[in-house]
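Dear colleague,

Please find below the structure that I am handing over to you. My findings follow it.

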Amino acid sequence: MVGAPQPWGIGLQAAGGPIKERIHDFNDLLLWIIIITTVFVAALLAVCLWKYNHKTNPVASQNSHNTALEIAWTVVPVLILLVIAIPSFRLIYYQDRARDADLTINVTGRQWYWNYAYPDNGNFNFDSRMVADADLQPGQLRNLDVDEPLVVPVNRTIRIITHGQDVIHSFFVPSLGVQRYSIPGRTIETWMRADHTGTFYGQCNQICGTNHAFMPIVVRALPQAEFDAWVASARTRFADSTGAAPAPVAIAEAARGNAGTEVQLAARQ
Ligand SMILES: [Cu+2]
């Protein structure tokens with residue numbers, strides 16, 4: 001399965017996991033409420049134009065109050081809002097925290113790429129950067145593919161912990177129903193679960209600076225055995241990162257203002 005934007009697509013992206021399925025359900029409910037409300041208001045407007053225009057109804061009504069009607073047009077919208085609010089809050093709390101997570105991944109937003117850490121699998125971490133146009137391979141998506149995707153096992157509950165290292169970013173993978181700010185000095189939790197093997201694309205969706213549009217997210221969901229093999233190779237490839245948590249101190253110092261932020265960032269890599 002591929003979770004990516006489609007040319008001329010108008011609906012939400014297809015669901016790659018349970019959170020997105022619930023988002024679809026909630027979206028469908030809202031759409032029906034919107035359609036019914038719009039049709040009802042348009043019909044009322046048409047009736048008024050038809051029956052009460054100056055030609056057919058030359059003497060205007062002098063009524064200014066109708067208590068029953070006023071109660072109705074207050075109570076009915078309140079009931080409609082309740083019908084929206086209950087599933088809305090249920091969905092918010094469903095997305096909020098992982099229950100019985102199988103795996104935790106730390107996601108750090110940086111200007112302008114992502115860093116993923118696997119504390120449960122040897123605590124290696126690596127950077128994930130967009131593939132530049134000149135390096136695109138056939139089949140890769142422009143401005144969406146990255147050199148090192150976030151690899152997860154399929155059908156497992158993944159706890160996502162987001163941090164920001166410099167400014168506020170947002171970790172957003174629409175087909176998995178994931179969206180969380182990554183904020184400096186804060187730890188924010190959410191979770192995701194891919195029901196299908198495949199590739200799910202996302203992007204930073206909090207404007208975070210010059211290259212905000214070029215820090216895409218790729219989540220690759222693999223069967224458990226392939227994930228384990230990937231972890232084994234990743235532990236070797238990223239061995240020098242083991243135990244080295246992202247270095248917020250250096251960044252904080254750089255951000256504190258003295259010149260050369262770019263230089264210090266570059267020097268760390
Ligand atoms: Cu951004």
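Is C208 buried or exposed? C208 has a relative accessibility of 5%, and it counts as buried because the cut-off for that class is under 20%. Please keep in mind that this is a predicted model.

**The copper site**

C208 is one of the protein donors of the copper ion, to which it contributes its SG atom. Along the chain they follow the spacing C-x1-Q-x1-C-x3-H. The angles among the 4 donor atoms run from 87 to 127 degrees, and the site is tetrahedral. For four tetrahedral donors, the ideal angle at a metal is 109.5 degrees. C204 is also buried, with a relative accessible area of 5%.

**The annotated spans and the surface patch**

The unreviewed UniProt entry places the feature "transmembrane region" at residues 29-52 and 72-93. In the model, residues 29-52 are 96% helix and 0% strand, with their end C-alpha atoms 34 Å apart. Residues 72-93 are 100% helix and 0% strand, and here the end C-alpha atoms lie 32 Å apart.

A nonpolar patch on the surface is formed by I71, V75, V78, L79, L82 and I86, which together have about 540 Å² of accessible area. Of these residues, L79 lies in helix α2, which covers residues 67-96. L79 is partly exposed, with a relative accessible area of 49%.

Yours sincerely

Conventions: Residues numbered from 1 in each chain as written. Predicted model: local features only at pLDDT ≥ 70, side-chain atom pairs only at ≥ 80, totals over all residues. Heavy atoms only, no water. Donors = N, O, S within 2.8 Å, 3.2 Å for Na, K, Ca; no water. Tetrahedral: all angles 85-135°; square planar, octahedral: opposite > 155°, others 65-115°. Buried < 20%, exposed > 50% of the residue type's maximum accessible area, 1.4 Å probe, protein only. Patch = residues over 30% accessible without salt bridge, like charges linked within 9 Å, V, L, I, M, F, W, Y side chains within 5 Å. Areas by Shrake-Rupley, 256 points an atom, 1.4 Å probe, with all protein chains shown as cover. Salt bridge = Lys/Arg side-chain N within 4 Å of Asp/Glu carboxyl O. Helix = DSSP H or I, 4+ residues; strand = E, 2+ residues; numbered from the N terminus. UniProt positions renumbered as here; feature names shortened; annotations may be inferred.
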